[in-house]
Structures are given as C-alpha cells and as structure tokens.
There are 2 protein chains.
Amino acid sequence: MKRPTIADVAQRAGVSKGAVSYALNGQPGVSEATRQRILAIATEIGFSRSSAARALSAATAGAIGLALCRPARTLGVEPFFMALISGVEAELSARSYALTLQVVADPDAEIAVYRRWWGERRVDGVLVCDLRTDDRRIPALEQLQLPAVVIGGPGGTGELASLWSDDAAALTETVEYLAALGHRRIARVAGLPDLRHTEIRTDAFAAVCQRLGLVDAVTVWSDYTGEEGGRATRRLLSSASRPTAVIYDNDVMAIAGLSVAQEMGLTVPGDLSIVAWDDSPLCRLVHPPLTALGRDIPAYGAHAARQLLAVVAGQPGGRVQDETAHLTPRGSTAPPRVR
Amino acid sequence: MKRPTIADVAQRAGVSKGAVSYALNGQPGVSEATRQRILAIATEIGFSRSSAARALSAATAGAIGLALCRPARTLGVEPFFMALISGVEAELSARSYALTLQVVADPDAEIAVYRRWWGERRVDGVLVCDLRTDDRRIPALEQLQLPAVVIGGPGGTGELASLWSDDAAALTETVEYLAALGHRRIARVAGLPDLRHTEIRTDAFAAVCQRLGLVDAVTVWSDYTGEEGGRATRRLLSSASRPTAVIYDNDVMAIAGLSVAQEMGLTVPGDLSIVAWDDSPLCRLVHPPLTALGRDIPAYGAHAARQLLAVVAGQPGGRVQDETAHLTPRGSTAPPRVR
DNA sequence: ATGCCGAACTGAACCGGATAAGCTGAGAAA
DNA sequence: TTTCTCAGCTTATCCGGTTCAGTTCGGCAT
C-alpha cells in the first residue's frame, strides 16, 4: 500500500505542494475555499504528513522523551510510572506529539541517552524523573540546551523548568494526624536516600517530629522494593521501643510491612498503624485497607507534559508546585493500643 | 550549541558527505584507514545522525510502536506491562531503535493510531498486545502492511507474526496440582472475557476439569481490577457450594481475593487455596505469599522485540511459542481442610 | 607503453515536507 | 485607461542524510 505524500494531495487538488502545506498548517496563503478542498482531499486519501520530513524541514521532532532509570524489578511494581505515563500520554496525543520511552540502567546511561536524542534530534524535549541530590543530569541537560521539565524538587533543578508536589507538607500533615491519634513513636521507611524527594521528606519528618516532641522518631532507608520494605519493618518491629506507627515512602513497601506485621502476630491498626505514600489501587486491596497519601498522578503527568510543551515552544517553563498529596484515612490507622 | 551534521564531519575529514555516510554505515566504498579516520572525527565532534534525515532518505523510522489499550487504572497496577516494556526496551536500545508508546482508549482508537503511525512513517513496526477474539486490529494491520508481531495466541493472528505462551498447558498444570492436593471444587476468576488468552484459559479449564471429573468447576469473569476480583471472590465464597481453591487470572485480583477471604474469616490456605497468574513481586508481599504461575516477562518482551525487528528486516516472523509459565507453590495453597 | 580493472571516492539526485521569494490577475485608486 | 496593491498561488531552496552513477587513479596484464 503506497503511502500518499503531499505531492499526491497537491496533484489531486490541482495545486502546488506549497499550497497544500499552507493549507494543512493553517497558514495564510490559500483561500478558505481551497483550504477546505485540500483538507477534504487529504482526509479522503488518508494522507498524513511524514514525521521524518516534517522533522527535517521544520526542525521539530514531534516527540518528547522519557528515560526511566530504575531497575526493572521496581519499575514494574510501582504503579506510579504507568500512571504518570498515561497522564503524559493523554496530553501529548491530544496535540499529536509522540512519546519516546527508554529504560536505562543508571544516571550516566541516562545522560548518554539524552545526548544521543539531542544529536539525533529525536525528541524536542525530555521529562526528567527521580531527581537526585546533586543530580548530574541537570548540568548535562543545561549544556545541551535540550528543553526539559524536571519532575521533582523544589530545588536542585538548576535553570531547568520543574514541577513538584509539596511532599514536606504532606508528610507534616501525616505526622500531625498520627500524633493527634496519640502516636508518640513513629517510624518512617524511606525510599532511595539519594532521591531529592526522599531528602525533602526526611528533613520534614525530622522537623515536625522535633516540633511535636516525638523524640523516638526514626527513619530507615530502603529501596522501594517490597522485599526491603518488609525487612526494614521486621527490624523496626523487633526493636526494644517498637514504633506504634510507620509511614512508608511507597505503597508496595507499606503492603509488605503490613504482611510482616501480621506475620509477627501484630494486629493492624491495633498494635501498629500504617500509612502508605502513593495511593494506588493496591492500598484498597489488602486487609485492612491502607491509609494513604494520594494524589492524581495522571494529572501530574499531564501537567508536566503541558509544561514541557510550553518550554519546547520557547516559553519559560517556570517552577511550578502541583497539587499536594492528601491523606485518605482507611482501616490501617487508629489510636495506639495502650500498653 | 550547534549540532554537527554529516557535512561538518566530511569537511573536517576532507572527504565528501557520501564517503562519511558509507563509513558510518559500514558500507564498502571507503578504505579502512579512511573509515577509521572518519569515525574518529565523528566521535570527537560528538556527531550523531539526525534520525529525521535518516528516516526520510532511508525510509526507516528507527523506532517501533507500542499502543496500550487498557484503562489507566488497570494499566498502572498491572506489573505486566512495565516488565514487558523493560524487556522490549533492552532489546531495542541494544540496536539503537527507539520505542514509541501510546496509551489508547479502545481498539478503534488503537487502529487509528496505527494508521497515523503508518501515514507518518513514524514507526517501522508495532507490537500488538491484548489479542482479542475476532480482533479488528489484525485485518487493519494486514491491510496497512505495517510490520507487526502479535503478543498473544495461538490462533486469531491472521497472517501476522505472533508470539505466545502456552496458557492452556499452564492452566492444566495448575488444576492438576490443585486436584492432586485433593481439591474438588475449583473456581477461576477470569480476566476480560474478550481477550484471546482468557478464552484459551477458559477452554483449557473446562477441558481439564471435565477430564478430572471436577463437576463443580466454575469460571466467573472480571476485568483484572482488584475491586472486581474482590467482588467476584465474595460472590464465590458466599455460594452454597463454595470452592476450596480459586485460580485468578492476574496477581492483583488474587491479592484482592486473599483479602476478601481473610475478611470473611476464612483462613488461607486452610479454608481456601489461592493461585495467582503472573508472578510479580506482589505475590511475595502478602501473607501468606501466593502460589503463582510465573515466567520471565522481560524476556518475553525482548523475544517479541527481536521477532519484530526480524519482520521489519523482511524476514518471516513466524509463529513462535515462548516459555510456558511454571507454577511456584508458596503458602497460599494446601490440601483442603476436611469438612 | 597501452589498455583495462576495480578500489576509493565525488557529485548530484532524492526522500517529503516547510517556507521565503517570486509571479499573476482582479479589483481599487489615480 | 493605466498603475498600484495584494490575496492567492507557484517556484525554488533547504533541511541532513542515503545512494546511485560517475570519475580518478594506482596496479597489473598484455
């Protein structure tokens, strides 16, 4: 099946290639009648412009890039990324932009991918996930002058546009909620320590615990896998002054923690309250359903995509704070049982 | 930062554009010495070929497409797709192919995406997921002559290349295992009924149950969400002749089923045995850990990608059976308690 | 010495659009 | 009637590669 080109449309319409191009792009230079005729013919013969030719002459790829840097085993289990992607996608496909995805092993490989994409002009811009402290990707992107929106922050994003959610506020709300229930010994199972948002949450946790006089507050680090989350929970619950509430940095670890607690003969929420960050459907699957910090991740992705398209169009992307996660109390939190 | 073009390389090497092109593509037409010199210069000035220009003149996009047609809420939760994507990616990036992803609402939108990709020459081929019975995408792709590999089958894939896993065998093994434990009343919570592999599993389930004389075998349909899976489980467990074992078509529903059973005061595996299809890390998070049918999904994706690249290269893709899922017994299955 | 061959390379056409510059003819202004 | 203007189009060039048809030249056989 031969693919129609702009020349085919031009021939059938009895005009030149240029006229067709103007008509398709909504540019002045053709009469409204001619434009309609050309559009009708284009639709009729199923013409779409070659993305390659367009990219070559218009110097725009019509695609944005997303490189995911997580080991395959955590990538799949985290509902976060798919939710983010579906939101990004919704925004992009509405403007007929494509999404180019790449899974990379480490930040250096990611920088290499950006450099390649830039050289190949394969994408017009990129979304940067999992902001780290002292992130080498930021200066690399600045140097390339590749339009980018960093999903993460605030802070540490250099001159690049960025979008974040106020994790500090969400964490503070959560601790205050647990404290109001009467919890005094609160632990937190954190995600990867070199991620910027882990750092932000850790600082906020320390601050609010100090403010509320929760001296037994403890943070342990993990890697977002259920396995590690379970192990961390077992350690916490075996300690002499075991916490009465644990906040997990993602829902997978929270579910693992719940299992460990139940396995150790503790009841949730009687002996232990659990709060999960990221309120995916998983939180409602387990028994008791988990109290969780949720927000609209697809909307977050859509927002980031819109912001990136603005940057690509030459507008300043700015630094934008998105919706703050809100706590949805469910069955996994309650006042601590008096011992 | 100005991007170097092939002309820059040619100028610095003191040769023509053509020579550089031959050198970069490993074509004959330049001496080995010149080739090395050109490659060195290309590396030195950080040259990569514009994907657009390459696509335009070589008539190859250097990208393959993947359209995912699932509602956003199930897409994210299913670890399957991310695992598949990471496998596909590994294979593609090794050959510096890009992956273009699109999330679509329904099969018709998916066909429209294929048609657009084809018209735009945006991808060289596509991977087709979630094969349905009487799948309209198949004739559409055949008509477009867009290289494709269907992930699913066997059967119903028309003339297209396809890759599948023997779900019938896996299901048969599972039922035999449960029957060997002594279960006589086995139920199955199936996924979306119009998916081809659901149909295959349903037929296999009926066949093996009849062969083993399990007259109480029952299949109920669901939509892969935990919510529906839980509801289906509640119905099953409330019935007069409640099953002693349930096979779930994915792990999310299995986990939901486990919660429902526990909530209803049933012990697992004492009162109810549970088997999950798709052995993601989630199965090991819950307590008891779930007996599951697992296989290497990233390898499956990599296999599909390799097959598609072969089809793109003009070789016959064929119909290939991949690894069969194998049962990993864990804590959620045991002989039924005698009542 | 001449002719011939093939390796090594050049030049130009081409892919399919976007776009600047040039052309044309109808209507308005002089 | 002539000139000017400008909407509405055409023509030509460019984007950055690939590729085909030549061209050059060194070496070898005659």
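Which residue of β2(B) does A:Leu101 stand opposite? To find out, select A:Leu101 in this predicted model; the residue facing it in β2(B) is B:Leu99.

**The contact between chains A and B**

Now select both chains. On the side of chain B, 55 residues are in contact with 55 residues of chain A. Among the elements of chain B that give two or more residues to this side are α4 (51–58), α5 (72–77), β2 (98–103) and α12 (251–263). The greatest contribution comes from α6(B), with 8 residues. By class, this side of chain B consists of 28 nonpolar, 17 polar and 10 charged residues.

**Helix α7(B)**

Proceed to α7 (107–120) of chain B, another element on the side that touches chain A. Its 14 residues, at 1.5 Å a residue, should span 20 Å, and the end C-alpha atoms of α7(B) agree, being 20 Å apart. Display the buried residues of α7(B), including B:Tyr114, B:Trp117 and B:Trp118. The buried residues of this helix pack against α4 of chain A, and also against β1 (63–68), β2, β3 (125–128) and α8 (137–144) of chain B. Directly after α7(B), select B:Arg121, which has a positive phi, near 50 degrees.

**The surroundings of DNA strand C**

Finally, select DNA strand C and the 26 residues around it, of which A:Ile6, A:Gly18, A:Ser57, B:Gly18 and B:Ser57 come nearest. The elements giving two or more residues to this surface are α2 (17–24) and α4 (51–58) of chain A, with α2 (17–24) and α4 of chain B. By class, the surface has 10 nonpolar, 12 polar and 4 charged residues.

Definitions and conventions
Residues numbered from 1 in each chain as written. Chains lettered and ligands numbered in written order. Predicted model: local features only at pLDDT ≥ 70, side-chain atom pairs only at ≥ 80, totals over all residues. Contact = placed C-beta atoms within 7 Å. Helix = DSSP H or I, 4+ residues; strand = E, 2+ residues; numbered from the N terminus. Nonpolar A, V, L, I, M, F, W, Y, C, P; charged D, E, K, R; others polar. Pairing = 2+ DSSP bridges. Near = placed C-beta within 6 Å. Expected span 1.5 Å × (residues − 1). Buried ≥ 20, exposed ≤ 12 C-beta atoms within 10 Å, placed from the backbone.
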